[in-house]
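Colleague: I would like to go through this model feature by feature. Please give me the rule each time, then the case.

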Amino acid sequence: MLAESYTAVIARGEDWVDGSTTEPYEASWAREAIIVVRTLEVGTLKAGAKAHVQVSLDGMRWIDEGTSLEIRDQVDGLSMARLSHFGHYLRLRAEMPDAMTGFMLATLSLKA
Amino acid sequence: MLSNLTQWDGGTHGGLTGSYALKLASRPGRGAQTVSLKRMTFPRACTMQLECFFTYKPEATQLELSDSDVRSWGVVFDIQNSEHRVLPQIRYLNSLNGELQNKWQYKENSIDFRDVGDRTVTIYHYGEENWKDIPGGHQLICYNEIPTKVNWHYFRLGFDIRTLRYTELQCNDLVLDLSGLGTLKFDAMPNLQNLFNVIPFVDSDSDKRAFLYFDSILLSGDW
């Protein structure tokens, strides 16, 4: 059997500010994931912006998973995180101090 | 996305016949909508039908009835033969602006196409404009007390690609003859020969996310 895989675009051209989150994505079927965050437009980004991975069992109450990605302050800047053993829902929460904003793309690649 | 319908109170509900169901989730907010597409072409013009088991619920952010929180769910076909492109679309309007509606609707007219450059046009035909009630289409669909309890329902929608007319709609024990209803209809467009897309959608009528689930979608025809 080929392993099922699926890539979801969880943020497609969205202005992130401090506290922005992606929509809850159900991934209970997947064993592993790669999350990629790409900066489409720099906005007021500087060093120090991060996206934190969060997990949830119900899609409503969220726990920090412990993994964080740098949000790059150049166009097409990429960062990546590998995840495993993450349970049910996944999302990203942006931490962007100093009123930073950025126009972002984020993808979630899942594999059974 | 693929969901096993896990609820905070009852744990995993599962699909109708197995663990998983196809889930469409809107963003939170009245009028928020999500759409999913399967893009195909038809091998031969013929009668066809889409069948599925479906259910819909709002996100369970409140332990209240919440039966008017999902606005509607529906299905669009996008079909083109040598002469015409048609966009038959029907929906079950559950609620509008907080008022229960409980009826099936269809759409014959939408808005104009919009030029998006490079010889490409687009049309947002999923809006609130021009929905019309299907005669005899009032139906109460089982809604079980709270957002975390899910019941599955049977649905089918038939269409004849030879005549570009609907045939029948069935939802549980309601069967509607749709053969007299019109559809959105345009002159055939370049590059879309034998186009055949299936497009389910769901929208919210509250500040909550609206979820639509399918346990299997079966497309059959005299291909």
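Colleague: Which side chain does that of A:E23 meet in a salt bridge?

Modeller: Side chains of opposite charge can pair when their charged atoms come close. The term salt bridge here requires a side-chain nitrogen of Lys or Arg within 4 Å of a carboxyl oxygen of Asp or Glu. The side chain of A:E23 meets that of B:R209, at 2.6 Å from N to O. Before we go on, this is a predicted model, in which local features need pLDDT of at least 70 and side-chain atom pairs count only at pLDDT 80 or more, while totals for chains, interfaces and linings use all residues. Residues are numbered from 1 along each chain as its sequence is written, chains are lettered from A and ligands numbered from 1 in the order in which they are written, and side-chain values use heavy atoms, with hydrogens and water left out.

Colleague: How many salt bridges are there between chain B and chain A?

Modeller: Three, whereas the count over all chains is 19. B:K23 also forms a salt bridge with A:E26, with the closest N and O atoms 2.7 Å apart. This pair runs between chains, from strand β4 (residues 21-25) of chain B to strand β2 (residues 25-26) of chain A; strands are DSSP runs of E, at least two residues long, and are numbered from the N terminus.

Colleague: Are B:K23 and A:E26 buried or exposed?

Modeller: Buried means under 20% relative accessible area, exposed over 50%, and partly exposed in between, with a 1.4 Å probe and protein chains only. Both B:K23 and A:E26 are buried.

Colleague: How much area is buried between chain B and chain A?

Modeller: Buried area is the accessible area (1.4 Å probe) that two parts lose on being put together, summed over both. Here the value is about 1200 Å², with carbon and sulfur atoms giving 49%. B:M1, B:L2 and B:R27 supply 38% of what chain B buries against chain A, more than any other three residues.

Colleague: How many residues of each chain are in contact?

Modeller: Contact means heavy atoms within 4.5 Å. By that rule, 16 residues of chain B are in contact with 14 residues of chain A. A:H88 is a case to look at: its place is the loop between β6 (78-84) and β7 (89-95) of chain A. Leaving aside neighbours within four places in sequence, A:H88 has contacts that include A:Y25, A:S56, B:N4 and B:T6. A:H88 counts as buried because its relative accessibility is 6%.

Colleague: Which residues form a salt bridge within chain B, and where do they sit?

Modeller: B:E128 pairs with B:R71, the closest N and O atoms being 3.5 Å apart. The two are 57 residues apart, with B:E128 in the loop between β13 (121-122) and β14 (131-138) and B:R71 in strand β8 (residues 70-80). B:E128 is partly exposed at 35% relative accessible area, while B:R71 is buried at 7%.

Colleague: Which residues have the most contacts inside the largest nonpolar core?

Modeller: In soluble globular proteins, nonpolar side chains tend to be buried together. A nonpolar core is a set of buried Ala, Val, Leu, Ile, Met, Phe, Trp, Tyr and Cys residues joined through side-chain atoms within 4.5 Å. The largest has 37 residues, and those with the most contacts inside it are B:W73, B:F77, B:I90, B:W104, B:F155 and B:L169. Apart from it lies another core of 31 residues, including A:W29 and A:I71.

Methods
Helix = DSSP H or I, 4+ residues; strand = E, 2+ residues; numbered from the N terminus.
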